[in-house]
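Thanks for coming. Please look at the structure on the screen, and I will go through its salt bridges and its nonpolar cores.

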Amino acid sequence: MSKLPYSFYQDTDVNQLAIQLLGKQLYTFIDGVITSGTIVETEAYNGEEDKASHAYGGRFTDRTKIMYDEGGISYVYLCYGIHHLFNVVTAPKGTPHAVLIRGLEPVNGLDIMLYRRNKPVLKPALTAGPGALAKAMGIDKGLNAKDLCGEEIWIEDNGLIVRSEDIVAVPRVGVDYAEDHALLPWRYYIKGNKFVSKPNT
């Protein structure tokens, strides 16, 4: 397997990139320990035009400025003061696109993931949902603005092909504030995978 190159992240079609991330492998290397999992659910956020995006209308703050950097870095933020959420910054510099990673199927380091989540056995809730997977993978604000071709957090291509007929496109979760944009089918997941967060079909 090989890390996704910077060129992968430069695609200006954030929805297409969110789809292409399905089946890829997310890795973290923290305190000498590797954990990884297959990405099974994503959400696309289309920058300044997207009412659900942190960068909607050109919003540029200490939190969102990372979104305006060149694609291929991490954007980690704290949601509701509780959950860290991991996003992939995409598109060329100045275009604040991002893909939220919402669901992950564990592959390596399961014992570490269980320990981090204080879970006795593997169940889908371990990594189904963006907050759950971030905690299981050890992702917090310390991994914000990291190079996704670096040695702390990265994404690899293992050759897994997800067929278009196995990809479900539905509205995003928890973005009611986005008015009409809350209905856009910009959440993507692998049909039938048990590590997809709810609601799912």
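Which side chain meets Arg163 in a salt bridge? That of Asp166, with N to O at 2.9 Å. A salt bridge here is a side-chain nitrogen of Lys or Arg within 4 Å of a carboxyl oxygen of Asp or Glu. Arg163 is partly exposed, at 48% relative accessibility, and Asp166 is also partly exposed, at 23%. For these labels, buried means under 20% relative accessible area, exposed means over 50%, and partly exposed lies in between, with a 1.4 Å probe and protein chains only.

Before I go on, this is a predicted model: local features need pLDDT of at least 70, side-chain atom pairs count only at pLDDT 80 or more, and totals for chains, interfaces and linings use all residues. Residues are numbered from 1 along each chain as its sequence is written, and side-chain values use heavy atoms, leaving out hydrogens and water.

Back to the charged pairs. The search of the whole structure finds 12 salt bridges. Some share partners, and in this way Glu41, Glu43, Arg102 and Arg187 are joined into one network.

Next, Lys3 and Glu151, whose side chains meet in a salt bridge at 3.1 Å, N to O. This pair links distant parts of the chain, 148 residues apart: Lys3 is in strand S1 (residues 2-3), and Glu151 is in the loop between helix H3 (130-136) and strand S7 (153-157). Helices (H or I, at least four residues) and strands (E, at least two) are DSSP runs, numbered from the N terminus. Lys3 is partly exposed at 27%, while Glu151 is exposed at 57%.

Lys93 forms a salt bridge with Asp69, and their closest N and O atoms are 3.2 Å apart. These two are 24 residues apart, with Lys93 in the loop between strand S5 (83-90) and strand S6 (97-108), and Asp69 in the loop between strand S3 (33-46) and strand S4 (73-79). Lys93 counts as exposed because its relative accessibility is 62%; Asp69, at 28%, counts as partly exposed.

Now the interior. In soluble globular proteins, nonpolar side chains tend to be buried together. A nonpolar core is a set of buried Ala, Val, Leu, Ile, Met, Phe, Trp, Tyr and Cys residues joined through side-chain atoms within 4.5 Å. The largest one has 38 residues, and Leu21, Leu26, Phe86, Val88 and Ile139 have the most contacts inside it. A second, separate core has 17 residues, including Ala55, Tyr75, Leu85 and Val175.
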